[in-house]
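Here is a colleague's note, written for someone reading a structure of this kind for the first time. Please keep the sequence and the structure open beside the text, and look up each residue as it is named.

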Amino acid sequence: MTALPRQLTRLTNATLPDGRLVDVTLDGHRVARVETAGASAQGAGSETRTPDSPASTLDLTGHLLLTAPAEPHAHLDKALSYEAIRPPMGDLRAAIASWREYAATMTVDDIADRAREQALRMLGQGTTAIRTHLDILLGDQPLRGAEALVRVRDELRDLIDIELVALAGPDVPTRDIEAALDLGVDLVGGSPHLAQDPTADLTRLLALARARRAGVDLHTDESLHGPVTLDEFARIVAGWREADLADGLLPVNVSAGHCVRLGTAPAAARDETIAATVAAGIGVIANPITNLYLQGWGDDVSMPRGLAPVRQLLDAGARVAAGADNVRDPFNPLGRSDALETAMLLVTAGHLTIDEAYGLVSTSAREVLALPAAGVVVGAQAELLAVRGTSLADVVANAPADRFVIHRGALVAESSTSRSVASPAGPGAAAPAHPLLADPKDA
């Protein structure tokens, strides 16, 4: 295995989701050419090329080439803490209580070590951009999470793009949020729906963001039956957008995570709020695995499921993305750090098509995060994931571990597996030719 990262200039024999077999030429961070596999070698309609070195060429025979996932809603400061905490299973309030008790014992190094490990796990699975929330902690060291995540972001900046959101609970002083922004945190976050006065806390957080001209990504209405703040959120942000456009300014990036309550609202109210959200330009980030885990604990008959109404949002033209949210912490004891897991849940729980589901964790996620367009398109950023498989359905269903991950045109992660399965024995039974009995790399 060649040392990584490794800058690439050529990807050969890659299968696209539409079934085409292509060669892809990279020029630094961008895709320069996409052509039928073998066309250049045969001189078919392309100029004479200088041969690429073997080290800069990657043969993707048997792999599906996709736009790399972007994770729009992570909690790297919490990730991988489940084994240390061993929290009781339960709903959002129970998870918050368990986390706060443990967080009081954490050091900057502890947070940084887990966050770094989790970010690299996600990179190994194919995610090349992460937006992570980080708690502004209570007590005399409120910026431990911010200090840790700024450190990890800087350490990994050549391997993965990381954006930081200051997650401030209703009891966190505004001065501590400002201190986190001064430290290098990118966006204002929070969870107004958990406040005694949700509208007051929403107004506080948005006023701070507006004063700092910072982006916003709020945890929004993360309950099945609780308060609704998304409508007021949209009303305020729509005013920002109108003012910025009138002044010739690019509106700041604004997102609402979870929006579970929107999924249980009456249809008329839901559709009215969705229309306001679209008009305000707010990106909605669904988080299926964590909300399926946290919501519905109080209902033992016809248990409702916690999920933003992704179908209605898409049909209304909303900007929609989906994330894994928590991974192996009190808010979700499981998770594979794999965007294909999120895509699968969007199909089974959200009733999206497979193409729509993968779009929400890749191209749409990048759009909601205001990242440059990426994918196997000339001129796009070379943020790519190659997974062994024959189709998008095959890849989302099986989540093969055999992968190549490309960030800014460089190979930054690769993995391969082998499998041996015993042949069935019986009267006259010869070893049958069956795909499950073969090493996947020999396919």
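This is a predicted model: local features need pLDDT of at least 70, side-chain atom pairs count only at pLDDT 80 or more; totals for chains, interfaces and linings use all residues.

1. Is leucine 26 buried or exposed? With a relative accessibility of 5%, leucine 26 counts as buried, because buried means a value under 20%.

2. Threonine 9 is 17 residues away from leucine 26 in sequence, yet the two C-alpha atoms are 4.6 Å apart in space. When neighbours within four places in sequence are set aside, leucine 26 is in contact with Leu8, Thr9, Leu11, Val31, Ala32, Ala382 and Gly409.

3. Arginine 319 lies 20 residues from aspartate 299 along the chain, and their C-alpha atoms are separated by 31 Å.

4. The next points concern salt bridges, of which the structure holds 28. One of them joins the side chains of arginine 116 and aspartate 113, with a distance of 3.1 Å from N to O. Both residues lie in helix α3 (residues 108-125), where they are three residues apart, or about one turn of the helix. Arginine 116 is partly exposed, with a relative accessible area of 22%, and aspartate 113 is also partly exposed, with a value of 44%.

5. Arginine 116 takes part in another salt bridge, in which its side chain meets that of glutamate 155 at 2.7 Å, N to O. Why can this pair be said to tie together separate parts of the chain? Glutamate 155 lies in helix α4 (residues 144-155) whereas arginine 116 lies in helix α3, so the pair links parts that are 39 residues apart in sequence. Glutamate 155 is partly exposed, with a relative accessible area of 43%.

6. A further salt bridge is formed by the side chains of arginine 403 and aspartate 338, which meet at 2.8 Å, N to O. Arginine 403 lies in strand β16 (residues 403-407) and aspartate 338 in the loop between β14 (319-322) and α12 (339-348), so this pair ties together parts that are 65 residues apart in sequence. Arginine 403 is buried, with a relative accessible area of 1%, and aspartate 338, at 5% relative accessibility, counts as buried too. Elsewhere, salt bridges that share partners join Arg153, Asp154, Arg157 and Asp186 into one network.

7. Turning to helix packing, please find helix α6 (residues 198-212) and helix α7 (residues 230-246), whose axes come within 10 Å and cross at roughly 20°. That angle makes α6 roughly parallel to α7, because angles under 35 degrees are counted in this way. The crossing of these two helices is right-handed. On the side of α6 the contact is made by Thr199, Leu202, Thr203, Leu206, Ala209 and Arg210, and on the side of α7 by Glu232, Phe233, Ile236, Trp240, Ala243 and Asp244. Sorted by class, the residues of this contact between α6 and α7 are seven nonpolar, two polar and three charged.

8. Helix α7 also packs with helix α9 (residues 267-280), and here the axes come within 8 Å and cross at roughly 25°. How does α7 run relative to α9, given that angle? The crossing angle makes α7 roughly parallel to α9, and α7 passes α9 in a left-handed crossing. The residues of α7 that make the contact are Leu230, Asp231, Ala234, Val237, Ala238 and Arg241, while those of α9 are Thr273, Ala276, Thr277, Ala279 and Ala280. By class, the contact of α7 with α9 divides into seven nonpolar, two polar and two charged residues.

Notes:
Residues are numbered from 1 along each chain as its sequence is written. Side-chain values use heavy atoms; hydrogens and water are left out. A salt bridge is a side-chain nitrogen of Lys or Arg within 4 Å of a carboxyl oxygen of Asp or Glu. Helices (H or I, at least four residues) and strands (E, at least two) are DSSP runs, numbered from the N terminus. Buried means under 20% relative accessible area, exposed over 50%, partly exposed in between (1.4 Å probe, protein chains only). Axes are lines fitted to C-alpha atoms, for helices over the stretch in contact, and angles run from 0 to 180 degrees between N-to-C directions. Angles under 35 degrees count as roughly parallel, over 145 as roughly antiparallel, 65 to 115 as roughly perpendicular and the rest as oblique. A crossing is left-handed if the near helix is turned anticlockwise from the far one by less than a right angle, and right-handed if clockwise. Contact means heavy atoms within 4.5 Å. Ala, Val, Leu, Ile, Met, Phe, Trp, Tyr, Cys and Pro count as nonpolar, Asp, Glu, Lys and Arg as charged, and the others, Gly among them, as polar.
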